[in-house]
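Let's take a walk through this structure together. Have the sequence and the 3D view open as you read.

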Amino acid sequence: MVETTREQRSAGNVPAKLCRSRMNDAINPAAARRCAVHQQRPAFAVCMQCAKTLCQECATQWDGIWYCAACLASRRSAPAAKSRVGGWIAVIAAALVILFCSTRFMVWSGVLLAGLR
Amino acid sequence: MIRAPLSTTSVLDESAAVVRATVTPWAALLLATSIPYRFMQIVFADRLIELGSNASQYGDLLRTTADITCAAFFLSLCGRAIYARACRLASESGVAPGREALRVPLVAFASYVFVASIAEAVTYLLFVTGLGIAFGAVLSGLAIGTMELNTEPGIRGPLRRLARYSGSSRIIASLTLVFLCALVVALLNVAAFVSVIVSLASTVGGWDAARWHVLLSLHNRRYVLTIIAGALLIIQPFWIAANVLLVRKSGSAETGDDLRVWFEELQRS
């Protein structure tokens, strides 16, 4: 259960995830105390992207922020797609630069060899 | 199919069988795409020899020739990529591959162009030292062998794979030595073949061969360069097949890559 004692709250040592759960409580008090995926389980944290309440199993902390599995997957796929585009740009640019350099090396070594004759 | 343990002789044996299976039309396609590149190399070398010590004053002419050679090189890479895929398919199925050989994954091709251009740059950079051809041949061989293992675009992956498969250096060195000998034998064969054709033409056909004897003699540098290019074209399919098999065999020994590729093929079909 997402319950804290009055002493804890007054002492100011309530975890941030519980505070978020409390905020959600205020919006929808009936649904907020239960996990959005597992209705029989108590809420543990709130997904910072879709604001779903999550049990301990469903909540994952990434970079200090709690996410549900779906939001975490969407966040993880975004950099992968970016790195794929980055990989394409890198490999094409590198190939073009090296091909350009190889033509210059070809002329350079050819002229050097011809000069040695 | 990986039939024998990794060794120089097993790679050579199986590459001969693979070349036999892929000779039509894939080896022909490889030749057709490689001829412009070899031709431009001949033109470049001929111009250099002709210009001699004055070559440094004709930079624009040489640069233009080098740029055209580079374009022809890209075309030859397309042919090599298709042929390498055909070799891989033939080695797995044991039969001549169909149109599937044309479906080279774009990621694999881009990675191959990147690594092959490095090999090309290294060849020209070290050409003066005499080591350039050997280094370039080994690098380009490994590049074509590892081509289809690249599934993600990037510059680190192909280089990492290249470094990993260069581990079997003893077999790579012996393969390079074998192909160097094969190049010499091919040179002699091509030269002998041309002289036999000219002799037959003059004897049987009553053809004026005197002029051709002058043109097709070893004193003519263009003829010598053409013979070298012809020998390179002849051994190229064997070189590519040997490198594809070398990478497949060493990869299968270490990681079971062949099993993964086979499973992917099975899933696709």
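The paragraphs below go from a pair of helices to the chain contact and then to the nonpolar cores.

Please keep in mind that this is a predicted model. Two packed helices are described by the angle between their axes and the distance between the axes.

Now turn to where the two chains meet. Chain B brings 30 residues to the contact, and chain A brings 24 residues. On the side of chain B that touches chain A, helix 1, helix 2 and helix 3 (106-125) of chain B each give two or more residues. The largest share of that side, ten residues, belongs to helix 3 of chain B. Sorted by class, the side of chain B that touches chain A holds 18 nonpolar, eight polar and four charged residues.

The largest nonpolar core has 70 residues, and Tyr83(B), Cys87(B), Tyr112(B) and Ala143(B) touch the most other members. Among the elements that give two or more residues to this core are helix 4 (69-116) of chain A and helix 8 (221-254) of chain B. Leaving aside residues up to four places away in sequence, Cys87(B) touches Val18(B), Thr22(B), Ile240(B), Ala241(B) and Val244(B). There is also a second, separate core of twelve residues, including Ala43(A), Val46(A), Cys47(A) and Leu54(A).

Note on methods
Residues numbered from 1 in each chain as written. Chains lettered and ligands numbered in written order. Predicted model: local features only at pLDDT ≥ 70, side-chain atom pairs only at ≥ 80, totals over all residues. Contact = placed C-beta atoms within 7 Å. Helix = DSSP H or I, 4+ residues; strand = E, 2+ residues; numbered from the N terminus. Nonpolar A, V, L, I, M, F, W, Y, C, P; charged D, E, K, R; others polar. Core = buried A, V, L, I, M, F, W, Y, C linked by C-beta atoms within 7 Å. Buried ≥ 20, exposed ≤ 12 C-beta atoms within 10 Å, placed from the backbone.
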